[in-house]
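Here is a friendly walk through one protein model, written to be read with the structure open beside it. Take a look at the view below, and then we can go through some of its features together.

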Amino acid sequence: MSGEGAVETRPERPDRPAEGSAGEWLPGVAADPAASTPPPAPRPRRRGPGAFTFLVLPGLLTLSAVAGFLALTGGLPSDWTPGTDGQEVTVPGVNETYVPWLRKAAAGCTVVTPSLLAAQIDQLSGWQDDTGPLSAEQGIAGFTDAEWRTWGRDDDGNGNSSPRDPADAIMALGRQDCALAGEVTGLRTDGTVTGDLVDLTLAAFAVGGREVASAGRVPAGARTYLAEVRQLLPHYEAFDRENPAAGGPADAILAPPVTTLVITSPYGSRQHPLTGVTKLHTGVDFGAPQGAQVTAARDGRVVFAAMTRAYGNRVVIDHGTIDGKRLETTYSHLSVLGVTAGQSVRTGTPVGRVGSTGLSTGPHLHFEVVHDGYYADPRPWLALGD
């Protein structure tokens, strides 16, 4: 059995190099120049009235109000299309013209969804531009002047970059969240933190990435904010184009990483053998003798190979894209590392040997499959034989 840290459902798809252990490429950073800029110091967040308070607003919206918004923001994104069923998506209390901007902002990384951005805005301001002179927060996303200098742009092309412009504010929030998601993904990949990537991203937004790294998980100071956003998420699920956690093709395209295919702990919820905490076990544990050979499950490139606190000696291999979605595999608790970051491997290439390094109760291989930024049950992907 393994003792790896709390794990979850979605490390996001990599898009560009990011700083990580040994300066190697890590998954999960949006391909945006602003993502490399360290976020400003955390600030106290304020909670405005929730969207549920404004259930009557849609009935009060008129065509002139919509036209006024479009004139203010410069119109909808050029690539905007209605909802996936061909109908416009509306949620009580939210101007329907915000929806395409929420979707465009969430396209920067897989951790961030339109519903997550909407829930954050609801928590921050209740969708109201009620800037307070004491807080100095402006617009529906509550940016300060210092934060806006880092994240703000004229995204709607109306000639003015302003936190009071809803389109600009939504896009800036998406950039900030994706940058934070990349930061916590790197921390989790190298074993510095454990937890769900969405939760860790929200925590970094609330109290800063350094606090998350220091705590090794969601810090106590971020739990209230996280709980409030999580509570609001179901109200905005209609904004999401699709459910990316639906899984992958699962057609046995991976070769077994060890010759001994005895699963001692399957993928799924379980009680952690060392901490006693019930959480998602994001891979499968193959029981194997100490020193048994571990091999690459598919052709690819090693993007991480180093010692980590929770996973011990850990290897992460990027296998490119399958139907346009990135596929990665991980190999943890190794006694010996047989590859280095940046190395290309073929199916069956030795990557290390079975061990019990890190938080582990005995020799085994903890093997994970990450598809489109989400942990998936490895068993349907593996050619395990009859």
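## Two buried rings

Trp 127 and Tyr 236 are both buried. In this predicted model, their rings form an aromatic pair of the tilted kind, with 6.0 Å from centre to centre and 55° between the planes. Trp 127 sits in the loop between H4 and helix H5 (145-151), while Tyr 236 sits in the loop between H9 and strand E1 (262-265), so the pair ties together parts that are 109 residues apart in sequence.

Trp 127 has another point worth a look. Its phi is positive, at about 70°, although the residue is not a glycine. With a relative accessibility of 5%, Trp 127 counts as buried because the cut-off is under 20%.

How many aromatic pairs does the structure hold? There are seven aromatic pairs. Tyr 98, Trp 127, Tyr 236 and Phe 239 come together as one aromatic cluster.

Phe 205 and Tyr 225 make another pair: their ring centres are 5.7 Å apart and their planes lie at 20°, so this pair is stacked. Phe 205 belongs to helix H7 (residues 197-207) and Tyr 225 to helix H9, so to speak two distant parts of the chain, 20 residues apart, linked by the pair. Phe 205 is buried at 3% relative accessibility, and Tyr 225 is buried too, with a relative accessible area of 6%.

## Where H4 meets H9

Two packed helices are described by the angle between their axes and the distance between the axes. For helix H4 (residues 114-125) and helix H9 (residues 223-232), the axes come within 8 Å and cross at roughly 120°.

Which residues make the contact? From H4 come Leu 116, Ala 119, Gln 120, Asp 122, Gln 123 and Leu 124, and from H9 come Tyr 225, Glu 228, Val 229 and Leu 232. Sorted by class, the contact of H4 with H9 has six nonpolar, two polar and two charged residues. Tyr 225 is thus a name to remember from the stacked pair with Phe 205.

Gly 312 is found in strand E7 (residues 312-322). Is Gly 312 buried or exposed? Gly 312 is buried, with a relative accessible area of 0%. Leaving aside residues up to four places away in sequence, Gly 312 touches Ala 306, Met 307, His 333, Thr 357 and Gly 358. Gly 312 and Gly 191 are 121 residues apart in sequence, and their C-alpha atoms are 8.3 Å apart in space.

His 333, one of the residues that Gly 312 touches, lies in strand E8 (residues 325-334). His 333 has a phi near 70°, a positive value in a residue other than glycine. At 0% relative accessibility, His 333 counts as buried.

## The protein as a whole

Stepping back, the secondary structure of the protein comes to nine helices and 13 strands. Of its 386 residues, 55% are buried. Among contacts between residues at least 6 apart in sequence, 67% join residues at least 24 apart.

Conventions:
Residues are numbered from 1 along each chain as its sequence is written. This is a predicted model: local features need pLDDT of at least 70, side-chain atom pairs count only at pLDDT 80 or more; totals for chains, interfaces and linings use all residues. Side-chain values use heavy atoms; hydrogens and water are left out. Axes are lines fitted to C-alpha atoms, for helices over the stretch in contact, and angles run from 0 to 180 degrees between N-to-C directions. Helices (H or I, at least four residues) and strands (E, at least two) are DSSP runs, numbered from the N terminus. Contact means heavy atoms within 4.5 Å. Ala, Val, Leu, Ile, Met, Phe, Trp, Tyr, Cys and Pro count as nonpolar, Asp, Glu, Lys and Arg as charged, and the others, Gly among them, as polar. Rings of Phe, Tyr and Trp (its six-membered ring) pair if their centres lie within 6.5 Å; planes under 30 degrees apart count as stacked, over 60 as edge-to-face and the rest as tilted. Buried means under 20% relative accessible area, exposed over 50%, partly exposed in between (1.4 Å probe, protein chains only).
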